[in-house]
Amino acid sequence: MRRLAQASLLELARSVRRPCYDRAELRVGMAHIGVGAFHRCHQAEFTDDMLEARFGPWGVVGINLYPPVLAELLAPQDHLYSRTLRQGERAETRIVGSILHTVDVLDAATTDEATRVLASPSLHVVTMTVTEKGYGLVPASGALDMDNPQLRADLRGPSPPRTLLGLLALAMERRRTANVPPLTMVSCDNVPSNGTLLRSALIAFAAARSAPLARWIEESVAFPCSMVDRIVPAATREDIDRIAVDIGVIDEAAVVGEPFRQWVIEDRFAGDRPLWELAGAQLARDAKPYETIKMRVLNAAQSTLSHLGAIVGHEFSFEAAHDPVLLGLTRRMLQTETVSTLPTVEGMGVEAYIKSSLERIANSAIRHRCHQIGTDGSQKIVQRIVNPLRERLVAGQSAPLLTLAVAGWMAYVLSGAQRFGHRWDPSDPWAETVIAMGEECREDFSALARAVLGVRTIFGSDLATAPFVAAVGAHLRGLLDGDAAAYLAGLAGDK
Ligand code: CS2
């Protein structure tokens, strides 16, 4: 079977929609850093829709600092790929054509190429999805994480950058010295106030190098915040093979996601911008309320279901969302605790949002592994679970189920300890430390809870109070020392 490419478009099954604009006429107007499955199934699709609605100079250059290597994944396909939306038995596949070119930043030559692209006068917007960890920040405070060796190396320079901030600072220096017009950077990661955070991180990083550069960024770059949403698990070989059968060509860059999608972007651009609203994006004055609701409801439910789900033996988050015990606990957490910490957003009724979020996670056609959602949990639980929990405690309200969710993350990571059966190797920057704590604290689960809650970059310094430590310790015992499923069933029964 042939590989998907411009020349093989004609061989595609007739049912597969393909770009109806002329890709040969497309010019680069923006870049995206972090071309993973999420970007391909979200921003690139919105851009494709927008180009169909009104053609303009908004082709995308994809830039990766980390695998996948785009030269292998997308370049052999003329940067075309398919995205398939699945819900139950239904599937709809289309070809997306908005990515025009890609660069893998690996060495001096490719660094030069990427910074040249980012400094080009025709480039107006840079979007990015680099994951929570990709910003090099301390989750609890948002300060630059000076313990991050890659960030430290990039601050020292001059070798090719390994971090987002290192690459952006180099590119902005090039833009500044060439006196190129202003630029907008749109962070599309699940971190609170992502644009504001990126702005302060980049300015802090640049200031450590050159005061004029930091000033230039302050004056010439806009950083609107944005909220992005669509559930897009990593595509598997099985997905790729199945899609090849369906469409008639092999697409190594195929992505599979759910039908739902949402993108709220603050309307604060420094110059020209793509008219993403033509594709259904919402331009807003303030994205914060949208992002808070999304992270505390949908993302919190995903994390809670996945951590606890993995512990009781589920492979996928949809399975956890069909487990009456886990679903009941998660729903109750959202409806009785999280709810009081949510802002009001027009058009997003909280009850309905909770219901639809849980239904989306339960979509059995989307095979999102609990371990994928559990990856880097230390970077995710702060905005999803710890912040709403803290707000309730500060307001004098109880938060027993958010407490369980915190313990769920700990128990998920601690399951990597020999002492708790070494069930898997969690992928998390804090895993080694937390696992070492698990090996050290003997039968004393309160001491273990106190030790993990002492990780300030995750929990700050205000949560390790005696009652909270005792509550988390009791859950750790229940989840790690015996029958976790029976323990959770007991909790689900207590109202
Ligand atoms: C997931 C998200 O892996 C994860 O952390 O919770 O990728 C989630 O699927 C998206 O934020 C949904 O928009």
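This is a predicted model: local features need pLDDT of at least 70, side-chain atom pairs count only at pLDDT 80 or more; totals for chains, interfaces and linings use all residues.
## The shell around the ligand

The residues around the ligand are Asn190, Val228, Asp229, Arg230, Lys294, Leu298, Asn299, Gln302, His368, Ile373, Lys380 and Arg384. Sorted by class, this shell holds five charged, four polar and three nonpolar residues.

Domain 1 (6-285) and domain 2 (289-493) each supply at least three residues to the shell. Helix H10 makes the largest contribution, with four residues.

## Polar contacts and cover of the ligand

In the side chain of Asn190, an N or O atom is 2.8 Å from an oxygen atom of the ligand. For Lys294, the corresponding distance from a side-chain N or O atom to a ligand oxygen is 2.7 Å. Gln302 also has a polar side-chain atom 2.7 Å from an oxygen atom of the ligand.

On its own, the ligand has 340 Å² of accessible area, and the protein covers 88% of it. Two or more residues of the shell come from each of these elements: strand E9 (226-229), helix H10 (288-312) and helix H15 (377-394).

## Helix H18

Helix H18 spans residues 445-453, and its buried residues are Phe445, Ala447, Leu448, Ala449, Val452 and Leu453. What do the buried residues of H18 pack against? Their partners are four helices: H16 (400-414), H17 (431-440), H19 (456-459) and H20 (466-480).

## Thr102 in strand E5

Thr102 belongs to strand E5, which covers residues 99-104. Is Thr102 buried or exposed? Thr102 counts as buried because its relative accessibility is 11%, and the limit for a buried residue is under 20%.

If residues up to four places away in sequence are left out, Thr102 touches Gly62, Leu70, Leu74 and His79. With His79, there is also a polar contact between the two side chains, at 3.1 Å. Thr102 is thus a buried residue whose side chain has a polar partner in His79.

How values were computed:
Residues are numbered from 1 along each chain as its sequence is written. Side-chain values use heavy atoms; hydrogens and water are left out. Buried means under 20% relative accessible area, exposed over 50%, partly exposed in between (1.4 Å probe, protein chains only). Contact means heavy atoms within 4.5 Å. A residue is near a molecule or strand if one of its heavy atoms lies within 4 Å of it. A polar contact is a pair of N or O atoms within 3.5 Å; within protein, one must be able to donate a hydrogen and the other to accept it, and residues adjacent in sequence count only if both atoms are side-chain atoms. Accessible areas come from the Shrake-Rupley method with a 1.4 Å probe; for residues, only the protein chains shown count as cover. Ala, Val, Leu, Ile, Met, Phe, Trp, Tyr, Cys and Pro count as nonpolar, Asp, Glu, Lys and Arg as charged, and the others, Gly among them, as polar. Domain bounds come from an automatic or database domain assignment.
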